[in-house]
Amino acid sequence: MPPEGSSLLSPAHIPVVIKKYANRRLYDTERSAYITLDSLAVMVKEDRPFVVLDARTGDDITRGVLAQVILEEETKGRAMLPVPFLRQLIRWYGDSRQDEVSEYLERMMGEFIARQAQDVPELRELDAEKAEIVGQVMSMFTSLYAVERGAGSGPSVENLLREVMELREEVRRLRDDADVDAARKA
């Protein structure tokens, strides 16, 4: 369960918007700072949701940037993906069963994670406490994925994220104004 007073719309559940510029630099709009692929790897490991947008077009390029993170990890001597597996993945690109393979890999990873949670007592407790939240978050992202793929008739993911960014900026301005007003009264 989320802590008292929090919701799926709390800052911990709203994806951080990362902008990628033509010079390949990544900009974290939440922290207002440039970050690295290693920073993104840390965010993934901390379960901090984020989305990477092309700064010029606003296109969602998260998948490609995550692939770059994996490439970085693989070249640092922490190889996890066997060469035959990678070769087979490449063969499936453009194949009529590409979507099926993608769905299968996602399902198998979910099952692997579920088995790991059953093997570790601490994770079992966390799993029991957070299963509902994870389900809600997955549902939210599944909906966003459907919008992105054109299944929905609503706004695009990019437009929704721009709106979130604009709302964050408005909240930041309101906080700054409130701080100024409080300082004047003091």
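**Entry 1: the annotated span.** I began with the UniProt record, an unreviewed entry, which places the feature "domain: PHB accumulation regulatory" at residues 81-118. I am working on a predicted model. In this model, residues 81-118 are 82% helix and 0% strand. I found the end C-alpha atoms of the span 24 Å apart.

**Entry 2: the whole chain.** I counted six helices and four strands. I read the order from the N terminus as β-β-β-α-β-α-α-α-α-α. The chain has 186 residues, and 19% of them are buried. I looked up contacts between residues at least 6 apart in sequence; 55% of these join residues at least 24 apart. The chain exposes about 13,900 Å², with carbon and sulfur atoms supplying 56% of that area.

**Entry 3: the core.** Which residues make up the largest nonpolar core? I listed eleven: Val 16, Ile 18, Leu 26, Ile 35, Leu 40, Ala 41, Met 43, Phe 50, Val 52, Val 65 and Val 69. Strand 1 (16-20), helix 1 (37-45), strand 4 (50-54) and helix 2 (62-75) each give two or more residues to this core. Helix 1 gives the most, with three. I then checked Met 43. Leaving out residues up to four places away in sequence, Met 43 touches Val 16, Arg 48 and Phe 50.

**Entry 4: Arg 48.** I followed that contact to Arg 48. Is Arg 48 buried or exposed? Arg 48 has a relative accessible area of 18%, so I note it as buried, the cut-off being under 20%. Its side chain meets that of Glu 30 in a salt bridge, at 2.8 Å from N to O. Arg 48 sits in the loop between helix 1 and strand 4, and Glu 30 in the loop between strand 2 (26-28) and strand 3 (33-35), so the pair ties together parts 18 residues apart in sequence. Glu 30 is partly exposed, at 32% relative accessibility.

**Entry 5: other salt bridges.** I count four salt bridges. One of them joins Lys 76 and Asp 38, with the closest N and O atoms 2.4 Å apart. Lys 76 lies in the loop between helix 2 and helix 3, Asp 38 in helix 1, and the two are 38 residues apart. Lys 76 is partly exposed at 36%, and Asp 38 is partly exposed at 38%. I also found Glu 100 bridged to Arg 97 at 2.8 Å.

**Entry 6: a surface patch.** I went back to the annotated region. Phe 85, Leu 86, Tyr 104 and Leu 105 make a nonpolar surface patch of about 310 Å². Helix 3 (83-92) and helix 4 (98-119) each supply at least two of its residues. Leu 86, in helix 3, is partly exposed at 31% relative accessibility.

Notes: Residues are numbered from 1 along each chain as its sequence is written. This is a predicted model: local features need pLDDT of at least 70, side-chain atom pairs count only at pLDDT 80 or more; totals for chains, interfaces and linings use all residues. Side-chain values use heavy atoms; hydrogens and water are left out. Patches are made of residues with over 30% relative accessible area and no salt bridge: like charges are joined within 9 Å, nonpolar side chains (Val, Leu, Ile, Met, Phe, Trp, Tyr) within 5 Å. Accessible areas come from the Shrake-Rupley method with a 1.4 Å probe; for residues, only the protein chains shown count as cover. Buried means under 20% relative accessible area, exposed over 50%, partly exposed in between (1.4 Å probe, protein chains only). A nonpolar core is a set of buried Ala, Val, Leu, Ile, Met, Phe, Trp, Tyr and Cys residues joined through side-chain atoms within 4.5 Å. Contact means heavy atoms within 4.5 Å. UniProt positions are given in the numbering used here, feature names are shortened, and annotations may be inferred rather than shown by experiment.
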